[in-house]
Amino acid sequence: MNLIECWIEHPVLQLDKTYSYVTENDSIVPGVRVLINFNHREIIGFVESVTKYNSLEEINEEKGFECKPILSVLDEESYLTPELINLAKWMAYDTVSPTISCFKTMLPSKVKPTSSNHKIKMEKWVHANDFEASLTPKQAEVYEYVCTKGELKYTDLRVKYGVHAKNCIDKGVLEVIEKEVSAIFDDEIVTSERLNLSECQEKAMKQIQETDKSVILLHGLTGSGKTEVYLQLAEEVVEKGKQVLFLVPEISLTPQMVSRVKSRFGSHVAIYHSGLNPQEKYEQFKLVKEGVVNVVVGTRSSVFMPFYDLGLIILDEEHDHSYKQDNTPQYHCRDIAIHRASTFGCKVILGSATPSLESYARAIRNVYELVEMNQRINETLPTIHCVNLKNTIKKGESYILSNTLIEKIEERLKRHEQVILLLNRRGYSTTLRCNRCQEVIMCPHCELAMSYHASDKTLKCHTCGEVIRNIHECPTCKSKAGFSTFGFGTQRLEEELQQRFKESRILRMDADTTSKKNSHERLLQMFEDGKADILVGTQMIAKGLDYPRVTLVGVLNADAGLNRSDYRSVESTFDLIVQASGRSGRSELAGEVVLQVFDEEHYAIQTALRQDYVSFFNCEMKFRHAGGYPPYNYMISILVQDMNQDKAKKIVKEIHNELKGDFKILGPSTLLRIKDTYRYRILIKGKDLEKMKDCVRSVVREKCAIGGCPTIKVDVNPMILD
């Protein structure tokens with residue numbers, strides 16, 4: 001008899017422990033899913049451990065209660081390696097999250113430890129049987145063909161031989177079996193030779209190879225050739241039979257990185273990102289688990305791929321906020337990568353032209369190895385111009401496109417070069433205001449203004465997704481006097497460009513145009529193929545992209561991010577400008593950048609104009625120090641939210657009163673209502689992160705045990721504080 005300890009599928013802290021069941025099945029291993037009866041309901045359990053006992057009586061006596069038997073075993077083998085199971089338990093502790101939520105995060109949805117209707121897609125294969133039967137000449141041909149192939153898909157056999165294939169199966173000389181659908185490789189990809197490295201690249205590569213430190217911060221200018229360094233280091237690792245993980249922050253960067261990696265390693269590369277459907281994710285996951293591929297390219301969730309011999313992790317654009325998970329468990333991909341690297345004994349390369357302040361601070365304190373690449377491959381940085389919109393608007397120029405930017409776009413169109421225009425706001429206009437009462441149309445579920453989308457004449461909330469169609473009267477005063485639009489987004493910018501440059505071909509890339517499968521790849525391929533002159537987009541086009549004919553980048557409302565209350569708003573603004581500027585002039589053609597701003601004297605703008613990261617770092621660190629923000633202190637955010645305002649208020653006050661320790665407590669503060677949910681936050685700052693986590697875990701677990709408790713979300717070292 002076996003004692004099974006398993007986690008249950010409910011991801012709440014009050015149930016964050018294993019529960020005991022029994023089974024006579026000796027094939028169960030840790031990591032498989034089982035069906036169990038919990039509180040009179042059939043749910044999924046995730047096996048933590050299996051212990052052999054002599055009898056059921058011995059188990060019940062040791063436990064002090066009668067253990068129920070499991071109902072069934074759902075998996076033949078564990079989809080998680082022992083290393084990943086240990087990682088999940090560490091991650092639960094590190095992020096103050098339920099352990100089962102970490103297991104769920106690691107697995108593709110087809111095999112998550114959750115009750116669902118997801119079924120793994122199967123397909124029919126045929127193989128020959130050693131069975132004598134009377135066959136027609138055509139059936140004999142079919143039989144011989146299958147014998148030479150060994151096994152092949154039934155659909156392929158039917159295409160080739162039609163009904164004769166079925167007749168062979170009916171006669172028993174061929175047998176049909178079912179297999180899981182697996183990923184298909186394109187073996188026609190032509191690989192390219194490695195490029196000759198510049199002196200700067202050679203130096204960086206040698207420093208990475210020779211350092212004893214496991215974490216390397218590769219601080220390289222945009223266009224300095226970091227990707228080629230990644231590829232050549234990866235080649236060395238793969239030649240030793242080890243695996244490599246390339247991480248990119250967003251799906252928009254995946255196609256270009258995949259293309260470069262496949263051009264070097266061939267088609268046998270796993271790709272993992274949110275644009276794949278559940279079946280495709282499962283297929284890519286299996287490729288890694290079964291050791292079919294040695295190289296993986298993916299976004300945040302690919303850090304949990306089931307590697308068996310990881311030799312190198314590359315985290316490109318390491319500063320990007322997309323590496324932080326918004327939902328529980330709120331992990332940072334960088335922390336997971338570093339932890340896994342320590343387990344496998346391999347190196348992590350954190351690459352960026354604008355490293356996060358925390359990473360750069362660790363590098364200059366010699367915690368990480370700092371590797372600098374301060375020279376572009378083409379040895380020329382783009383020329384950057386700053387346009388002060390306060391002055392240009394007074395002169396009667398457009399508040400969308402300044403005369404300077406218009407002239408430079410015209411020059412590029414005449415020379416058949418390409419332009420990228422970045423505006424980090426989608427939609428047509430940011431607000432719609434009633435002409436009579438002057439009230440802004442707000443989302444009925446959030447305390448936020450709705451954005452107007454002219455293409456389908458709708459108002460959309462970009463937070464909860466609420467859509468209002470064909471609005472004719474003001475919700476506040478019921479007037480039908482009409483509305484005025486204020487602010488502008490990418491739709492409005494696209495319209496303005498089309499009116500001014502009637503012959504130009506324009507592509508728009510934002511959340512509205514990239515919602516369909518493979519849309520990122522399709523739009524970027526069109527731009528790369530020269531089928532568009534101007535690419536308009538939000539921050540998804542600001543980083544990582546490399547197009548040789550782009551000689552002008554315009555950043556509109558470049559300082560808009562400075563108005564946010566978040567403590568990282570200045571850093572985010574600087575990053576966005578520098579990254580966007582780096583898209584211009586990456587080849588032989590000289591590049592220019594135009595920044596349209598209202599506050600050109602701000603140090604984020606001035607240092608971005610000079611591409612001077614070190615000066616920006618020194619300025620920003622003074623403000624971080626004065627405010628006690630990271631990297632000078634650790635922070636933990638405790639968010640309490642509920643549709644019942646009084647209930648949320650009561651619990652957040654209780655948590656505040658029960659938090660005790662050598663740290664500073666800020667709040668509770670009232671946040672904007674989102675999705676009809678009232679939200680309150682407590683923020684704690686301190687030097688001892690482990691003691692802070694222990695205190696928060698103890699208090700929050702106790703509150704979660706109360707029936708009907710509001711949702712409590714813990715975010716260790718939050719990236720954004722709205």
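**Walking through the model**

Modeller: Happy to! Asn-2 is found in strand S1, which covers residues 2–8. Keep in mind that this is a predicted model.

Colleague: Is Asn-2 buried or exposed?

Modeller: Asn-2 is buried, because its relative accessible area is 4%, and the cut-off for buried is under 20%.

Colleague: What is Asn-2 in contact with, leaving aside its neighbours within four places in sequence?

Modeller: There are several partners, among them Tyr-21, Val-22, Thr-23, Glu-24, Asn-25 and Asp-26. Val-50, Thr-51, Lys-52 and Ile-59 are also in contact with Asn-2. The C-alpha atoms of Asn-2 and Glu-24 are separated by 5.9 Å, although the two residues are 22 apart along the chain.

Colleague: And which backbone oxygen lies 3.0 Å from a polar atom of the Asn-2 side chain?

Modeller: That one belongs to Asn-25.

Colleague: Nice. Switching to charges: how many salt bridges does a search of the whole structure find?

Modeller: The search finds 47. One of them pairs Glu-280 with Lys-517, with the closest N and O atoms 2.5 Å apart. Glu-280 lies in helix H10 (residues 278–289) and Lys-517 in the loop between strand S24 (506–509) and helix H16 (519–528), so this pair ties together parts that are 237 residues apart in sequence.

Colleague: What is the relative accessibility of Glu-280, and of Lys-517?

Modeller: Glu-280 is at 24%, so it counts as partly exposed. Lys-517 is at 43% and counts as partly exposed too.

Colleague: Which residue does Arg-426 form a salt bridge with?

Modeller: Its partner is Asp-512, and the closest N and O atoms are 2.6 Å apart. This pair links distant parts of the chain: Arg-426 sits in the loop between strand S18 (418–422) and strand S19 (431–434), while Asp-512 is in the loop between S24 and H16, 86 residues apart. Asp-512 is partly exposed, given its relative accessible area of 24%.

Colleague: Which residues are linked in a network of salt bridges?

Modeller: Lys-408, Glu-411, Arg-412, Arg-415, Glu-417 and Glu-592 are. Within that group, the side chains of Glu-417 and Arg-412 meet at 3.9 Å, N to O. Glu-417 is buried, with a relative accessible area of 8%, and Arg-412 counts as buried at 2%.

Colleague: OK, new topic: which residues form a nonpolar patch on the surface?

Modeller: Ile-393, Tyr-399 and Phe-598 do, with about 260 Å² of accessible area together. Phe-598 is found in the loop between strand S27 (592–597) and helix H18 (603–609), and at 35% relative accessibility it counts as partly exposed.

Colleague: Which residues of H21 are buried, and what covers them?

Modeller: The buried ones include Leu-689, Met-692, Val-696, Val-699, Val-700 and Lys-703. Residues three or four places apart in an α-helix point the same way, because there are 3.6 residues a turn. The cover for the buried residues of H21 includes helices H2 (82–95) and H20 (645–658), as well as strands S28 (634–642), S30 (677–686) and S31 (711–716).

Methods
Residues are numbered from 1 along each chain as its sequence is written. This is a predicted model: local features need pLDDT of at least 70, side-chain atom pairs count only at pLDDT 80 or more; totals for chains, interfaces and linings use all residues. Side-chain values use heavy atoms; hydrogens and water are left out. Buried means under 20% relative accessible area, exposed over 50%, partly exposed in between (1.4 Å probe, protein chains only). Helices (H or I, at least four residues) and strands (E, at least two) are DSSP runs, numbered from the N terminus. Contact means heavy atoms within 4.5 Å. Patches are made of residues with over 30% relative accessible area and no salt bridge: like charges are joined within 9 Å, nonpolar side chains (Val, Leu, Ile, Met, Phe, Trp, Tyr) within 5 Å. Accessible areas come from the Shrake-Rupley method with a 1.4 Å probe; for residues, only the protein chains shown count as cover. A salt bridge is a side-chain nitrogen of Lys or Arg within 4 Å of a carboxyl oxygen of Asp or Glu. A polar contact is a pair of N or O atoms within 3.5 Å; within protein, one must be able to donate a hydrogen and the other to accept it, and residues adjacent in sequence count only if both atoms are side-chain atoms.
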